[in-house]
Each structure stands twice: as C-alpha cells, then as structure tokens.
Amino acid sequence: MHLKRRSFLQAAGGGLAGLLSLDQLSAAVQTATSPYQRPRLKITDVKTAYTQNLHVRIYTDQGITGDGEGVDSISGAAAIIEGFRRFLIGQDPLRVEAIWERIRTSGIFAGAQAGQFVTALGAVEIALWDLTGKALGLPIYQLLGGKVRDRVRVYCDSGTNDRKDPNAPKYIQQIIEMGFTAAKIDIDDASDPARFDRVNWTASNAEIDNMVDKVRFMRESLPSRIELAVDMHGRYDLGTAKRVAKELEPFRLLWLEEPVPPENVDALRDVRQSTHTPICCGENLFLRHGFRPLLEKQAVDIIMPDIQKCGGLLEARKIADMAHTYYVPMAPHAQASPIGMMASCHVMAAIPNALVIEWHWSHPPARLQRWRQYVKQGEIIENGYITVPDRPGIGLDINDEAVRKMVRPGTTWFS
Ligand code: MG
C-alpha cells in the first residue's frame, strides 16, 4: 500500500514541512529508510533533458520529484543515466548514499572512476537530495550537517581581460555594480600572435608579457577590495607555469588556476613550491580519489571541484572534509544553472572551509538573461552572495516554461 505524500508528512510530525521536531524527524527517516521494511517512497521514473547542461528529474509514487544537474563531461551522460534507470526504479530515494555506492561499485568496469559516469551519477545524486529534502521538509544543507553560514560568497567570471576589448568597461562595471568581492580572468590565449606553434604550449617571452598585462589591466581596473583569480586552463608546460606564477606574485592573486594540466600532481607541486602565488586545481578531477593525491602531496593551496561534475553533493562535502584536514579551502568551479548553483551553495553553506564559488553567466547579455529566467525566484545573487533558502530540497522553483525554450535542439524538457 502506498503512503500518500500527506500521510508521509503526518507520520513525520503533523504535516508542517520544515517544522518537524528532531525526534519525529528521526522516526520518520527510520520508517522511510529501514531496510527491514518495504520502502514507503519509491522511485517511479528518471528522466533527462539537455539545455547547455544535463538536467535530471526523478519521479516518485507520491508525486514528489527531485531535480539534479551535471556539467562539462555530459555529452553521453543521458545514455549512462538511462543505464542506471532500471536499478533506480523501485528504490527508496531517501537512501542516497546506498544508491550512490551501489551504482558506483557496480560500474567499476564501466568507467565509474571518473568522467561522464561520475558526472551522470552526481546529477542523479543531486536529484536524490532535492527529493529527500522535499520528502522530509528540510533544506539540503540541513541534511549535510546544518548551516555554517547563511550566505555563500560568489565570484564573477569576468568576460574580459584585455585593455583593447571594447566590452571591457561594461563588464568591469557590471562586476562592481553586482557587488562582487572577487573576479576571475583567463590568461591562456591560443590566438596570441606571439605564439610560435599551434600545438606546443611553451610560452614565449612576448606571450608571458601579454599574460602579465592582462592581469595588470584587470588589477588596475577593479577596486582593491575585489580580489582577482587567474586561470591558465591546464594548457602550459612546467617551465612556463613556474615563470608565470613568479611574474604574477606582485599582484597578490586570490589564486592561479591549473597552471599545468591536472594529471601530474608532482608537476603541480613543483609549481606550488616555486612561488608564493596560491595554486588552485580540481575542476577536472573526480571523486575523493581524484583529490587524495593533490592533498597528500600538498600540491595546491585551494581545491576547486565542480560539484555538478565531481560526484555529487555528499561527495563534495567529503572532498571538502579531506581538504580541511590539510587546512585547504574549497572554491568550487561552477557553470551550472541556478538549480545546480544553489545545490552547490547548500554544500558551501554546510562546510567550514568554503572560500568562494564561481559564477559564469555574466556575459554575453543573452546568457545573463537566461540565468535570470531559469527559476521563478529570478536573480539569486545579491550583492555578490547567494543566500541558501530554508525551503525543502534545493529550495528553488524551476521556471519550466522558460527553460523549455532553452533546450538543446533535438531534446525535450520535462513534461
Ligand atoms: Mg578553470
């Protein structure tokens, strides 16, 4: 016999979501998740849709749904989730860790160590947390240990880095007006006329001068209260990375990101030991296992997992906890929609070592407009911060009508 949504909440304490006493909550969780009883809430369907990112919606027999998102390594992730679907249907969605671990360990020979498999699993995991929060009437941060802070600091990916860019004044003004306390620029430039070779990434002196000038321009253009991070996108060789890190020391950067590719942790540590510019890496690493050598070898000052890519919300919390034992803060990479962004903010609200999270939607103007239409709440960034809502689950209402118009050609949004 199915327990209806209403009776489920009554079992949990009178039907007033968000006002449950801990005893009642604990009893409700026990009832809903005990392996000795038939699950009270069951997954009935799992669907995916592509906008710029991958979206997952999980459906249950009581009408509650959960939303998750995956980014970057997603081109085949919908097909991977289709493979998870048969296992997920009939499961109790509140057993998030158990479901995650079952899928991960059953995929050991199917690529479950990294890449699209992990991103697909993470998107499902985020939807499970959204669902669990809605079922229990609790915000996700509460399920991750409770709030350490009410609002999460956000930095703006600047969209400009060059004094010759006609858009530069507009984008710089936008960073200041939106109240950000930090911004990031890219300094790797494949089309730099000073490059001698299209494939090899050893920078010439002139290229390094151009990189330094980009940083100087932005540092001069932004007020000193706005900190500046710099990204090299893991493209350069070790010698270039060390030279650039050294030359940028006078600018007191928030961090220098992926100065070399992320695979060789010893090379990254070599860069870190050669400079007092803080080194940051992690958007192309997966699971705790991807971050373990980075931390054990003390190769970075800051870690930057992408929470919509690295394995999910609880996995991100575990990565942050590992980093905390090395006194390393977390500054997640993020290019998710407001749904994924807010899911990440629940993690950032719950961990002690949260530094700042990325926001990548300031430019061009059409993209900013899409960001503001995604959820019925509109703009969620206020004065350079995102306040985590106290509503159940992720705590935002997707504007299905608006997002339906953003889907990738050939795919459909959820009905
Ligand atoms: Mg990056």
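Me: What sits over the ring of Trp 361?

Reply: The charged end of Arg 367 does, 4.1 Å from the ring centre. A charge sits over a ring if NZ of Lys or CZ of Arg is within 6 Å of the ring centre and within 35 degrees of the ring normal. Arg 195 does likewise with Trp 201, at 3.8 Å from the centre of that ring. A word on the source: this is a predicted model, where local features need pLDDT of at least 70, side-chain atom pairs count only at pLDDT 80 or more, and totals for chains, interfaces and linings use all residues. Residues are numbered from 1 along each chain as its sequence is written, and side-chain values use heavy atoms, with hydrogens and water left out.

Me: How many aromatic pairs does the structure hold?

Reply: There are 8. Rings of Phe, Tyr and Trp (its six-membered ring) pair if their centres lie within 6.5 Å; planes under 30 degrees apart count as stacked, over 60 as edge-to-face and the rest as tilted.

Me: Why is the pair of Tyr 155 and Trp 255 called edge-to-face?

Reply: The ring centres are 5.3 Å apart, and the planes stand at 80°. That angle is over 60, so the pair is edge-to-face. Tyr 155 is in strand β4 and Trp 255 in strand β7, 100 residues apart. Strands (E, at least two residues) and helices (H or I, at least four) are DSSP runs, numbered from the N terminus.

Me: Why does Tyr 155 count as buried?

Reply: Its relative accessibility is 0%. Buried means under 20% relative accessible area, exposed over 50%, partly exposed in between (1.4 Å probe, protein chains only). So Tyr 155 is buried. Trp 255 is also at 0%, so it counts as buried.

Me: What makes the pair of Phe 180 and Trp 359 stacked?

Reply: Their planes lie at 20°, which is under 30, and their centres are 5.6 Å apart, so the pair is stacked. Phe 180 lies in the loop between α7 and β5, and Trp 359 in strand β10, so the pair ties together parts 179 residues apart in sequence.

Me: Why is α7 called oblique to α8?

Reply: The two helices pack at about 50°, with their axes 11 Å apart. Angles under 35 degrees count as roughly parallel, over 145 as roughly antiparallel, 65 to 115 as roughly perpendicular and the rest as oblique. About 50° falls in the rest, so α7 is oblique to α8.

Technical notes. Axes fitted to C-alpha atoms, helices over the stretch in contact; angles between N-to-C directions.
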